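Reader: I have a structure to study and would like to go through it step by step. Could you help me?

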Amino acid sequence: MDDRKQRVLEAIVALYTEGGEPVGSGLLCQYLNMSVSSATLRNEMAALTKLGLLEQPHTSAGRVPSAKGYRYYLDHLMRPKGGLSQRQHTEIDRVFAGLDYEPERLAAGAARALAEYTGYTVAATTPRSDDLCIAHFEVVQVGRYSAAVLAVTSAGGVRTRVARLETGLTRADAALLAEVLNRQLTFVAPADLTGSVLAGIAAELGGKGPALYPVVNAAAALLQEAAKARTYLEGQQYLMRWPELGEYLPRVMELFADQERAGRLITPRTGRTTVLLGEDLQRPMPGLCVMSKRYLAGGGLTGAIALLGPARMPFEQLIPILDHFALKLGECMTGQAQEDNV
């Protein structure tokens with residue numbers, strides 16, 4: 001890849017991003033303003049096609065970047081803009097000032113806000129850590145024969161399960177359950193939730209144990225789920241803007257219906273912004289792109305936020321925006337976790 005081929009590839013990526021149409025040598029010549037003819041550029045385009053960096057989608061003379069071409073561009077040629085303008089910083093800060101800081105609502109709200117701000121689909125996870133646990137339980141009667149178990153995680157998230165009872169739940173029953181659950185199940189790792197622990201809870205409940213055990217089961221289920229991050233997908237309608245993704249929409253929805261799998265997909269292994277192309281997936285979806293960034297929520301907790309769209313996304317413009325959203329999301333999550341620990 002000599003300098004001229006790199007400039008040609010970079011220009012074709014830029015022109016295809018802007019127009020979404022195959023790029024011909026005439027348009028390329030105008031864009032580059034180089035002292036070479038269209039014929040020379042056609043030869044360079046043909047050479048890049050042989051290298052597998054460009055594709056000719058149909059009989060026209062125009063070319064588009066291939067997955068290999070995009071990967072080369074991302075790894076060697078892309079130069080993200082230096083940062084956001086003061087106006088953009090102010091806009092994003094204003095967005096976060098209006099969000100609910102409860103961690104799960106914050107993750108969903110940040111994803112929705114980034115989708116509206118960029119016009120791309122966004123996925124975000126709640127903070128997670130292998131040692132995340134339940135810090136507090138509450139038990140509330142919500143119907144004649146049902147009770148809600150509310151659990152506050154050590155990251156400040158609130159999760160709820162409803163248990164069905166054969167008999168009504170008195171205030172004394174609810175108070176007893178809350179007392180026992182907070183003594184036996186708070187700050188317990190899911191791996192340590194054994195049969196003997198549950199047997200100890202049953203013993204504390206005495207003769208009421210069998211009637212109240214559905215509430216205990218609900219609390220145990222919440223504890224098992226505590227270390228699992230939740231993934232929120234917002235702005236799904238924006239995927240319909242890109243014709244090349246139309247056939248994959250059902251598969252994208254199926255993928256993000258599995259929160260654990262989706263969370264793994266969008267969580268980078270490093271702190272750098274990561275771009276995953278659809279061809280890299282286990283079930284390839286050519287033309288799709290997932291650009292993700294990890295955020296730090298304090299106390300060893302991490303999460304991720306990602307943009308989903310076509311491979312022809314304007315990476316240079318979007319990366320600084322994604323990075324700043326991740327930074328703000330981590331700051332807000334950290335602030336919430338600090339409040340919960342006070």
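Author: We shall discuss salt bridges, a cavity and a surface patch in this predicted model.

Reader: How many salt bridges does a search of the whole structure find?

Author: The search finds 18 salt bridges. In general, side chains of opposite charge can pair when their charged atoms come close.

Reader: Which residue forms a salt bridge with Arg87?

Author: The partner of Arg87 is Glu91, with 2.7 Å between the closest N and O atoms. The two residues are four apart in helix 5 (residues 86–97), so about one helical turn separates them.

Reader: What about Lys328, which residue does it pair with?

Author: Lys328 forms a salt bridge with Asp93, the closest N and O atoms being 3.4 Å apart. This pair links distant parts of the chain, since Lys328 lies in helix 12 (residues 315–341) and Asp93 in helix 5, 235 residues apart. Lys328 is buried, with a relative accessible area of 16%.

Reader: Changing topic: what volume does the largest cavity have?

Author: Its volume is about 70 Å³. The lining residues include Pro103, Glu104, Thr126 and Arg159. By type, the lining divides into five nonpolar, three polar and two charged residues.

Reader: Lastly, which residues form the nonpolar patch on the surface?

Author: Val140, Val142, Leu150, Val158 and Val162 form the patch, with about 380 Å² of accessible area together. Strand 4 (134–143) and strand 6 (158–164) each supply at least two of its residues, and Val142 lies in strand 4.

Methods:
Residues numbered from 1 in each chain as written. Predicted model: local features only at pLDDT ≥ 70, side-chain atom pairs only at ≥ 80, totals over all residues. Heavy atoms only, no water. Patch = residues over 30% accessible without salt bridge, like charges linked within 9 Å, V, L, I, M, F, W, Y side chains within 5 Å. Areas by Shrake-Rupley, 256 points an atom, 1.4 Å probe, with all protein chains shown as cover. Salt bridge = Lys/Arg side-chain N within 4 Å of Asp/Glu carboxyl O. 1 Å grid on protein atoms, 1.4 Å probe; cavity = no way out; pocket = protein on both sides within 12 Å on 5 of 7 lines; lining within 4 Å. Points joined across faces, edges and corners; volume = space filled by probe spheres on them. Nonpolar A, V, L, I, M, F, W, Y, C, P; charged D, E, K, R; others polar. Buried < 20%, exposed > 50% of the residue type's maximum accessible area, 1.4 Å probe, protein only.
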